[in-house]
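Dear colleague,

Please find below a structure that I am handing over to you, together with its sequence. My notes on what was found in it follow directly after.

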Amino acid sequence: MDQQLYDFGMIGLGVMGRNFLLNVADDGFGALGTDINQESVDALNAEGKDMRVKGVSTQQEFVSLLSRPRKIMMLVPAGKIVDNVIEGLLPLLDEGDILIDGGNSHYDDTNRRYEFLKAKNIRFLGTGVSGGAKGARLGPSIMPGGDRSAWEDVKPILETVAAKVNGEPCVTYIGESSSGHYVKMVHNGIEYGLMQLIAEAYDILKRVGGMGNDEMSALFSRWNDGRLNSYLVEITAAILKFRDEQTDSHLLDVILDKAKQKGTGKWTSQSAMDIGVPIPTIDSAVTMRAISAFKEYRQDNSKLYTVVHPDEVLLKGEGLAKAVEESLYFGFVVCYAQGMHMLAEASEEMNYNLDLEGIARIWRGGCIIRAELLETIRSAYGKRPGLKNMMATIEFREDLHACRDSLAEVLHQANERGVPSMCLSSALQYFEAFRSERLPLNLVQAQRDYFGSHSYERLDQKGIFHSSWDPKVVREK
């Protein structure tokens, strides 16, 4: 029997888990894995045959071969499966062992598990991992939250396997309890927003500007060399020019326009509503995925409603390309601003004590939303402890002001041609609302007081007021 002890264990040897474990082994750590699927165990042993890697079939053997304190990561589907794995492991573990949930668990579940395991002296880390299968293999962005002493024990391993930017590992201790999974949830919400913003830019270039896929691919590639440099813009350029082997046409043109979702975007919107933080661009992205699911309904409506297009396109060619680039950059800044503002408010609401500069720093590499823009975001938060919304800082103020008119014109052109642009529109309206000294919500307060006696405040006096608005009621008195 193999008595060699391994440094790090993985439960769940799907593509993500297997790649993460091989990454651990790349850096000299002994890596041990297990899975209920024997084929996954065999795949790990085959891929790691020349490395300090081993796959085993039972949890008993798995636990027995790990050095103490045991460091075990779970990369299994979120929900009841995580609880089942924990229940199966508990009789085999010793006090002080470490469990890491590396899936996309809801932060409420992570809070519950954290408290449950704390009472049993098992140290728990709810850990967001971003970067997909390739990131897991070559270096992801990692967001661990929970027991701080557990972080200190796994820090050498996680810092080694994480992506690096300028030599800095894209991992940091996020905070107590469920903070790691909460930050990963907001990361995914921002991801939803950025993806939909890019999709709308593509749609406008295609339907307003009449651009072909290869032309748009070259344009996105050029943008990726500038201030829009990001993983999502980079892969968009590649997707646009990719050709289908079956038809030799562009593959993108034959992909069904129904986008699926796993729930983290929806959770972001729900949590933002709960803590009272506006994130309309992220909300709009979630909404557009939901609308996309109603394909048949959209097809029927397209026959019922037609849009009369103007004869002349005022923006075209390089003029349209420049305006869309400015619009997309504006949308990117606003989307990140909404996510970071949400994290700032959640930090206070949930006592996470988040380091927003540190979060922006570890998002610069490895993760899906990595972008050159995050270095500027990191700098803005690093200079201003306590900053909540980055939109008004000098780092972004001039750019937003300079891009605003282009976005307004692009939306005008899209609206005239019936091209839906919900995320881009929400970004502009968010900006306009936050730069408005006075909003018409005085009328809303008056309405609430009229029908529900909910009261209101005044500009000219301090206090809480209520009026008898209905003239009939006044006359009866």
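Strand S6 (residues 123-130) pairs with S7 in the antiparallel sense over 6 bridges; two strands count as paired if DSSP finds at least two bridges between them. Within this pairing, Val129 has Ile142 in S7 as its bridge partner. Helices (H or I, at least four residues) and strands (E, at least two) are DSSP runs, numbered from the N terminus.

The model is predicted: local features need pLDDT of at least 70, side-chain atom pairs count only at pLDDT 80 or more, and totals for chains, interfaces and linings use all residues. Residues are numbered from 1 along each chain as its sequence is written, and side-chain values use heavy atoms, with hydrogens and water left out.

The open sheet has 7 strands in the order S3-S2-S1-S4-S5-S6-S7, with mixed pairing. Strand S3 (53-56) and strand S7 (141-146) stand at the edges with a single partner strand each, so one side of each has no neighbour in the sheet. On average, neighbouring strands are turned by 25 degrees against each other, direction ignored. Axes are lines fitted to C-alpha atoms, for helices over the stretch in contact, and angles run from 0 to 180 degrees between N-to-C directions.

Helix H2 (residues 38-47) lies across strand S2 (31-34) and S3, and runs at about 165 degrees to S3. Helix H4 (residues 80-89) packs on the sheet, touching (heavy atoms within 4.5 Å) strand S1 (8-11), strand S4 (71-74) and strand S5 (98-101). The direction of H4 makes about 155 degrees with that of S4.

Yours sincerely
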